[in-house]
Amino acid sequence: MNPQLTLISLLFFTSAIAQTFKNIDSHPQFPCKPPHFSSYPFCNVSLSVKQRAISLVSLLTLPEKIGQLSNTAASVPRLGIPPYEWWSESLHGIADNGPGVSFNGSISSATSFPQVIVSAASFNRTLWYEIGSAVAVEARAMYNGGQAGLTFWAPNINVFRDPRWGRGQETPGEDPKVVSEYGVEFVRGFQENRKRKVLKRRFGDGDDDDARYNDDGDDGKLMLSACCKHFTAYDLEKWGNFTRYDFNAVVTEQDMEDTYQPPFQSCITDGKASCLMCSYNAVNGVPACAQEHLLKKARIEWGFEGYITSDCDAVATIFEYQGYTKSPEEAVADAIKAGVDINCGTYMLRNTKSAILKGKVSEEQVDQALLNLFAVQLRLGLFDGDPREGLYAKLGSNDICSSDHRKLALEAARQGIVLLKNVHKLLPLNKNHVSSLAIVGPMANNISNMGGTYTGKPCQRTTLFTELLEYVKKTSYASGCSDVSCDSDNGFREAVAIAKGADYVIVVAGLDLSQETEDKDRFSLSLPGKQKDLVSSVAAVSKKPVILVLTGGGPVDVTFAKTDPRIGSIIWIGYPGETGGQALAEIIFGDFNPGGRLPMTWYPESFTDVAMSDMHMRADSSRGYPGRTYRFYTGPQVYSFGAGLSYTKFDYKITSAPTRLSLSALVPKQSSHKKLIIQGEEQLRFLQLDDATVNSCESLRFNVQVNVSNSGEIDGSHVLMLFSKMPQVISGVPEKQLIGFDRVHVRSKEMIETVLVIDPCKHLIVANDVGKRVIPLGIHVLSLGDLQHSLSLEF
């Protein structure tokens, strides 16, 4: 039996079944309909969620229970429970990748926000929250129209470890802190139960916690359910002989603790996510969806209250691909016992009964999975009666593709676009002084890939070319290459011809979904095919230095363009969403001052010598391994994490920050100091954290107060990035790590004051070689741009 064909057929079968449950009605089906089905205890809103869930599960027969273990949950007609589709997608707007969403109805589109990697480049927490909130409004509106579910499988919070990863574009980048905070903001914005007749849209820079977290109390109710995925150490699609279905990620305890797990822990403990998705890959020999230790840790140590779903069809891969078990029944049993509550696919539907009969798993263990599933549905109000009479009943088609949401998408694209090169202030162009433009490149006049992966049906479709045409009417276009693969130079002649005759030339190069996507990694970091030759050919004949615009979510080696004086400016736009063309045009012509920063390192082509399958984060000189991400990478870079320019100049001054901090308060007086001392030495080198010490951390938080001045001629937004370089008291200390960031807006010739709050137990820590979090004692050097500040941590 070919396991790949088996998996494909399972997914197809699942999708085919799910299609039958897509509502064609103008409103969703719901349980507890009066008069015949509203008297059950699980319909009684005065009871607790737990009581209602227990009551519901107790009424189900074994076949009915098993029917709930698929993303396409079966109906229970005798109890008035309709079918439910768990799988809907909302990565950066409502998408129809999953069977839970359909655009075949009164709602035919939804706002397409920039791909996550672009929004992450804004480094703006408020923006992230507002995007999650706006997507939630459109999701609830589509649910009310019978065109979406209430449970969505986003965000993707895997760390962007390797630049070749096809799904790196879906993540907030390579830094665990940034990924963690993005996940928390998006989940809070998406899930929070709040009464809103009119949504206040704020796109400004900086934070306002009171405005962002203005909910109606923590009663456990949810507006929608968000899902943190893919748990864990998942970041390989198809590379060499490895696929995501059979890959075994070998991860050290040190890397697991301070790189791979922090985003998931934050998403659960701080974001209160109601869903966790286990990934296809194995982790240290055990399939992720059979990892009882990790899944139980999420529930017991991190306090996870929600349901755990497998990726599609990750329960099947336990047996079919990874050969971890000897039978399908054992695979199902291992997943259920590990803590998986629902299988995306049909594997549990077809094998759970047999697994129970063979004694591999008990009906009581299935009951626990159902309790978790129904608890989330109850928190969503699914059993509270007609949703058309509920809290969000008035949300409808008018709340989708609204002007507010389109403005938010535009602001996200503006803030996320990164200016990487601008020699002799080539940009911004003065539209009154530009007589003609030439636009070159296959992506310049293409609308199909503007959003990246998991894009639905955008409200409006415009191209980069048409938006630039709004500024300069005499604008010509030539693709140069027939597509992004650029296998032929047949179109070069036309591109060179229009470049010769234009006042300014913009070349759009880079990646699209033919180069990087789900189930497809890259093997090269260079521009695809003959794109480099196209850029150079056009630059050679242009009257003025060329403006190079780069698309795509993954880094590309553009060293040639960085060092070529004929290329005056480089702008990275990623996948900027439906308003990306307008945002780019505004930046090129100075109507918006760019302030985005790269959320990932850009490596040279030589990095492809490093095996993508090597999960180690830290460099190892003994085997010529350079490490990964800015925290540990020791090799050459094309552009660094945090790179990004502005049309104006910002200056910093640290006005207040401690120079020393005593950690004595973290250790109870009755504790022995011996466990803190490295064996064989008398000097205290680091403090190991445990639950007792972490609970005492709040008193040690401190402020770094910074004045930011704009000494240039243009108003602008700026991202402050505070890094720490810690003392080398243990092996594997990062080169540096981000401990604080903020986006501020400063008018020309003015100064503002901002404060970065630092928690030593969160920000000044590293994992040791056995995966325990420690605070190194000694001098921590804090850096903000060119400024440095020494902080001594003492005991």
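A charge sits over a ring if NZ of Lys or CZ of Arg is within 6 Å of the ring centre and within 35 degrees of the ring normal. The model is predicted: local features need pLDDT of at least 70, side-chain atom pairs count only at pLDDT 80 or more, and totals for chains, interfaces and linings use all residues. Residues are numbered from 1 along each chain as its sequence is written, and side-chain values use heavy atoms, without hydrogens and water.

**Exercise 1.** Find the ring that K562 lies over.

Solution. K562 lies over the face of Y639. The distance to the ring centre is 4.6 Å. Now take K544: its charged end sits over the ring of Y504, 4.9 Å from the centre.

**Exercise 2.** Classify the pair F374 and F383.

Solution. Rings of Phe, Tyr and Trp (its six-membered ring) pair if their centres lie within 6.5 Å; planes under 30 degrees apart are stacked, over 60 edge-to-face, the rest tilted. The whole structure holds 31 aromatic pairs. For F374 and F383 the centres are 6.3 Å apart and the planes stand at 85 degrees, so the pair is edge-to-face. F374 is buried at 3% relative accessibility (buried: under 20% relative accessible area; exposed: over 50%; partly exposed: in between; 1.4 Å probe, protein chains only). F383 is buried too, at 1%.
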